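The report below describes the helical packing, the nonpolar core and several individual positions of the structure shown here.

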Amino acid sequence: MLSSTSIATQFGGERQTEQPINLRAGHQGSAEAADINMAIDAAYKYVYGNGHVMDNERSVSLEAELRDQRITVREFIRGLAKSDFYRSTFYESCSPQRTIELDFKHLLGRPPHDQFEVSKCIQIQASAGHDALVDSLIDSEEYTTTFGEHGVPFMRSWQSQPGS
């Protein structure tokens, strides 16, 4: 536990996490359009790891489907993680272990718990490919419990218990 006079606190050792973004089911109307835009921006920022998304990095068709309620935020996140941009940036240019670490960070908001978890994911990735690994993380009970159908992933490791 850090005290308020701790050096770690003074130099940013304790960080505030952003409030999770969660769209209501059945979002409609102009008031919700701002919420949808905020969710889309947060999803790009978190899944792609950057604050500004270039036009060639955007998935206009996925955005349109989310705005029209044809897909949920969960499916929007799945689409981003399976996109050509994500694949070329975080899958093809990284080692298998690094790819898995990034998938955990971008999709579950945390690092892998242990080497067993990484090994299990390497097996999925080796036998069925990156898309199957993305599906296994997004379809997991952890994702469902934490983000549900309408939540945007966010960094959760700062909220973890010491030693976890």
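In which helix is the place of arginine 78? Arginine 78 has its place in helix H4, where helices are DSSP runs (H or I, at least four residues), strands are E runs of at least two, and both are numbered from the N terminus. The model is a predicted one, in which local features need pLDDT of at least 70 and side-chain atom pairs count only at pLDDT 80 or more, while totals for chains, interfaces and linings use all residues. Residues are numbered from 1 along each chain as its sequence is written, and side-chain values use heavy atoms, with hydrogens and water left out.

**Overall fold**

The protein chain has nine helices and zero strands, and along the sequence its pattern reads α-α-α-α-α-α-α-α-α. Of its 164 residues, 38% count as buried, a term that stands for under 20% relative accessible area, with exposed meaning over 50% and partly exposed the range in between (1.4 Å probe, protein chains only). Contact here means heavy atoms within 4.5 Å; among contacts between residues at least 6 apart in sequence, 61% join residues at least 24 apart.

**The nonpolar core**

In soluble globular proteins, nonpolar side chains tend to be buried together. A nonpolar core is taken as a set of buried Ala, Val, Leu, Ile, Met, Phe, Trp, Tyr and Cys residues joined through side-chain atoms within 4.5 Å. The largest such core in this model holds 33 residues, of which Tyr44, Leu66, Phe76, Ile77, Leu80 and Leu107 touch the most other members. At least two residues of this core come from each of helix H2 (30-48), helix H3 (60-67), helix H4 (73-81), helix H5 (84-91), helix H6 (96-108) and helix H8 (130-138), and the largest share, eight residues, is supplied by H2. Leaving out residues up to four places away in sequence, isoleucine 77 touches Ala43, Val47, Leu107, Ile138, Tyr143 and Pro153.

**Helix packing**

H3 and H4 pack with their axes 10 Å apart and at an angle of about 175°, where axes are lines fitted to C-alpha atoms, for helices over the stretch in contact, and angles run from 0 to 180 degrees between N-to-C directions. H3 is therefore roughly antiparallel to H4, given that angles over 145 degrees count as roughly antiparallel, those under 35 as roughly parallel, those from 65 to 115 as roughly perpendicular and the rest as oblique. In this pair, Leu62, Glu63 and Leu66 of H3 meet Val73, Phe76, Gly79 and Leu80 of H4. Glutamine 69 is in the loop between H3 and H4 and has a positive phi of about 65° although it is not a glycine.

The axes of H6 and helix H7 (residues 115-128) come within 10 Å and cross at roughly 105°, so the two helices are roughly perpendicular to each other. Pro96, Gln97, Thr99, Ile100, Asp103 and Phe104 of H6 make this contact with Gln115, Glu117, Val118, Cys121, Ile122 and Gln125 of H7. The end C-alpha atoms of H6 are 17 Å apart, which agrees with the 18 Å that its 13 residues should span at 1.5 Å a residue, the expected span being 1.5 Å times one less than the number of residues. After H6 comes glycine 109, whose phi is positive, near 75°.

**Individual positions**

| Residue | Relative accessible area | Class |
|---|---|---|
| Valine 53 | 9% | buried |
| Glutamine 69 | 33% | partly exposed |
| Arginine 78 | 10% | buried |
| Threonine 99 | 1% | buried |
| Leucine 137 | 6% | buried |

The side chains of arginine 78 and aspartate 139 are joined by a polar contact of 2.6 Å, that is, a pair of N or O atoms within 3.5 Å, of which, within protein, one must be able to donate a hydrogen and the other to accept it, residues adjacent in sequence counting only if both atoms are side-chain atoms. Apart from neighbours within four places in sequence, arginine 78 is in contact with Val134, Asp135, Ile138 and Asp139.

Threonine 99, in helix H6, touches Phe90, Tyr91, Cys94, Gln125 and His130, not counting residues up to four places away in sequence. Leucine 137 belongs to helix H8, and its C-alpha atom is separated by 7.0 Å from that of leucine 107, 30 residues apart along the chain. Valine 53 lies in the loop between H2 and H3 and, with residues up to four places away in sequence not counted, touches Tyr44 and Arg58.
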